[in-house]
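Colleague: I have just opened this entry and would like to learn how to read it, one feature at a time. Could you guide me through it?

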Amino acid sequence: MKRYLFLITLLGMLTGKAVAQSVTVDATIDSLQIYIGDQAKIKLQVALDADKRAIFPVYTDTLVSGVEIIDVAKPDTQYINDDKRMLITQEYTVTSFDSALYYLPPMEVLVDNKAYRSKALALKVYSMNVPLDPENPEQFFGPKTVMQPPFVWEDWYGIITCGILLIPIALLLIYLIMRICDNKPIIRKVKVEPKLPPHQMAMKEIERIKGEKVWQKGQSKEYYTELTDILRTYIKERFGFNALEMTSSEIIEKLLEMQDKEAIADLRSLFETADLVKFAKHNPLMNENDANLINAIEFINETKEKEVENAKPQPTEITIIEKRSLRTKILLGIGIVVLSVALIGSFVYIGMQLYNYFA
């Protein structure tokens, strides 16, 4: 008899353990009543052995007609009973935009291809009216008409800026189009300042040497080199032979064929002194330097052309004709394309802004 009682007790314990290890599915909702547009959270919990696999229900957009699912949280898994059991929680966020009492059917979970269902739930959705007057809550707002947004200058800054830029962009575009269509050569008139007469140019350079006072600084060679170069240039321009490439004696001989010997005497003395200074390291006296400068001035005054002495040179105007190059045409084309895109883009931007404002 005792043996039978022991077997019955052992069988009860094993049966109780098997029941304890069964699958349980439970569904709860955090709020049974909500207003239109509010949200409620449905929590679906499954308790099962750790070696089993659960598949939760998959919904598309709605739980039932009128109750929309807006979010499905990631399942949360907790291990209990020394990691022998699992508690998996899946949370669904729902809402509704129609006032009614909704029946939420049981939610089905598959565990090792066997279906387990939770209990059914209910959700009551209320419509909400906003009082017109807080002191008279029995009065409610009626439907409002469409209101125009208030005028704000900041909303128009972009349109005003584009509108202002349209004028110079359009004018510049017209100008470039006219330029590229007009294929005539470019005519430019340039004024050329006249060249000074030889004697005026020489006297101008001599005045510069006098102002610098090179010989007073002990630079006799530099002084005589500049002075003779001025005279050689004057002789070349005045008499028409290349005195810059001739020696001093050759210049004197050439001048003797054209001028009075008395006009050449002082020039000969100047060239001889200059050759001694440049090639023999001669150190002339101060009065000798002054005397040679005076000789140079007298030679220029005695040999200058009388008819151009008082003549005032006038600037001449020359005409330059230039054909438009391929590079210029390419640049004009690029400029037209860029300005056209900017003009069209500005019109599109203004149109879109006006459409968005008045739509």
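Predicted model: local features only at pLDDT ≥ 70, side-chain atom pairs only at ≥ 80, totals over all residues.

Colleague: Let me begin with strand β8, residues 85-95: how many of its residues are buried?

Modeller: A residue counts as buried when its relative accessible area is under 20%. By that reading strand β8 is mostly covered, since 9 of its 11 residues are buried.

Colleague: Which strands pair with β8, and in what sense do they run?

Modeller: In a regular strand the side chains alternate between the two faces of the sheet. Here strand β3, residues 39-49, runs antiparallel to β8 and is joined to it by 11 bridges, with Val46 having Ile88 as its bridge partner in β8. Strand β7, residues 76-80, is also antiparallel to β8, over 5 bridges, and Ile80 stands opposite Arg85 there. Strand β6, residues 67-72, pairs with β8 in the antiparallel sense over 4 bridges, and in that pairing Asp71 stands opposite Thr93.

Colleague: Which residue forms a salt bridge with Arg85?

Modeller: For a salt bridge, a side-chain nitrogen of Lys or Arg has to be within 4 Å of a carboxyl oxygen of Asp or Glu. Arg85 meets this with Asp49, their closest N and O atoms being 2.8 Å apart. Because Arg85 lies in strand β8 and Asp49 in strand β3, the pair ties together parts that are 36 residues apart in sequence. Both Arg85 and Asp49 are buried.

Colleague: How many salt bridges are there in the whole structure?

Modeller: A search of the whole structure finds 7. One of them joins Glu108 to Arg117, with the closest N and O atoms 3.3 Å apart; Glu108 is partly exposed at 33%, and Arg117 is exposed at 60%. Another joins Glu205 to Arg208 at 3.1 Å, and because these two are 3 residues apart in helix α3, about one helical turn separates them. Glu205 and Arg208 also belong to a network of salt bridges with Glu212 and Glu226.

Colleague: Finally, which residues make the nonpolar surface patch?

Modeller: Phe151, Trp153, Tyr157, Ile160 and Ile164 make a patch of about 570 Å². Among them, Ile160 has its place in helix α2, residues 157-181, and counts as partly exposed because its relative accessibility is 37%.

Technical notes. Residues numbered from 1 in each chain as written. Heavy atoms only, no water. Buried < 20%, exposed > 50% of the residue type's maximum accessible area, 1.4 Å probe, protein only. Pairing = 2+ DSSP bridges. Patch = residues over 30% accessible without salt bridge, like charges linked within 9 Å, V, L, I, M, F, W, Y side chains within 5 Å. Areas by Shrake-Rupley, 256 points an atom, 1.4 Å probe, with all protein chains shown as cover.
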